[in-house]
Amino acid sequence: IHDWDIPKLSDTPPPTPGHQLVEEVMTTDFCTVQPGDLLELVADMMDWRNVRHMPVEDQDGNLVGLVTSRLLMRHFMRRAKSFGTQAEFVEEIMIQEPLVITPRETLLDAIQVMNKHNVGCLPVVNNGKLVGLLAEHNFMKMTRRLLMPS
């Protein structure tokens with residue numbers, strides 16, 4: 001048996017949060033909806049889960065869109081002004097072909113994409129399948145941990 005020295009904290013490099021990978025901080029516990037789902041259902045789900053973004057998948061589990069709380073708010077405001085009562089579906093307001101990122105990209109890459117395109121969420125896709133979500137709240141959690149260590 002080899003005798004190793006007890007490691008010291010100074011033996012490890014300081015963390016560099018920007019170089020962390022998306023898969024290290026992305027949200028993996030999320031719900032999805034389908035294009036034919038009612039908008040009222042999606043709004044209730046987002047309220048219940050306390051989320052601002054809802055990925056849209058087809059029946060084969062492929063990402064086909066993204067619904068945001070801002071899109072829902074615009075939709076319901078327009079409907080209220082026009083006194084519309086017809087049922088409306090996800091496919092009518094969703095962002096088709098949303099920007100995505102892969103789990104192995106860095107957080108710096110994600111920030112650059114989010115800033116460049118002014119988006120608050122990136123679906124995380126691996127081999128064509130949705131595996132997570134990276135949203136502004138993920139960065140807030142990291143910031144909180146950095147500024148308020150336990």
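**Entry 1: terms.** I take a helix to be a DSSP run of H or I of at least four residues, with numbering from the N terminus. I note that the model is a predicted one.

**Entry 2: largest pocket.** Helix α3 spans 69–82. I then listed the elements that each supply at least two lining residues: β2 (63–68), α3, α4, β4 (121–126) and α5. The volume of this pocket is about 560 Å³. I counted 21 residues in its lining, and those nearest the centre are H53, N118, V119, G120 and C121. By class I recorded 11 nonpolar, 6 polar and 4 charged residues in the lining of the largest pocket.

**Entry 3: second largest pocket.** I recorded a volume of about 310 Å³ for the second largest pocket. Its lining consists of 13 residues, with R49, N50, V51, R52 and H137 closest to the centre. Strands β1 (53–57) and β5 (129–135) each contribute at least two residues to this lining. I noted its classes as 6 nonpolar, 4 polar and 3 charged.

**Entry 4: α4 and α5.** I turned next to two helices that both supply lining residues to the largest pocket. Helix α4 covers residues 107–117 and helix α5 covers residues 136–147; their axes come within 12 Å and cross at roughly 130°. The handedness of their crossing is left-handed. On the α4 side I found L107, A110, I111 and M114 in the contact, and on the α5 side E136, F139 and M142. I classed the residues of this contact as 6 nonpolar and 1 charged, with no polar residue.

**Entry 5: α2 and α3.** I then examined helix α2 (residues 39–49) against α3, and found that the axes come within 11 Å and cross at roughly 135°. This pair is therefore oblique as well. I recorded the passage of α2 over α3 as a left-handed crossing. Helix α2 makes the contact through L39, E40, V42, A43 and M46, and α3 through S69, L72, H75, F76 and R79. I noted 6 nonpolar, 2 polar and 2 charged residues in the contact of α2 with α3.

How values were computed
Residues numbered from 1 in each chain as written. Predicted model: local features only at pLDDT ≥ 70, side-chain atom pairs only at ≥ 80, totals over all residues. Heavy atoms only, no water. Axes fitted to C-alpha atoms, helices over the stretch in contact; angles between N-to-C directions. Left-handed = near helix turned anticlockwise from the far one by under 90°. Contact = heavy atoms within 4.5 Å. Nonpolar A, V, L, I, M, F, W, Y, C, P; charged D, E, K, R; others polar. 1 Å grid on protein atoms, 1.4 Å probe; cavity = no way out; pocket = protein on both sides within 12 Å on 5 of 7 lines; lining within 4 Å. Points joined across faces, edges and corners; volume = space filled by probe spheres on them. Parallel < 35°, antiparallel > 145°, perpendicular 65-115°, else oblique.
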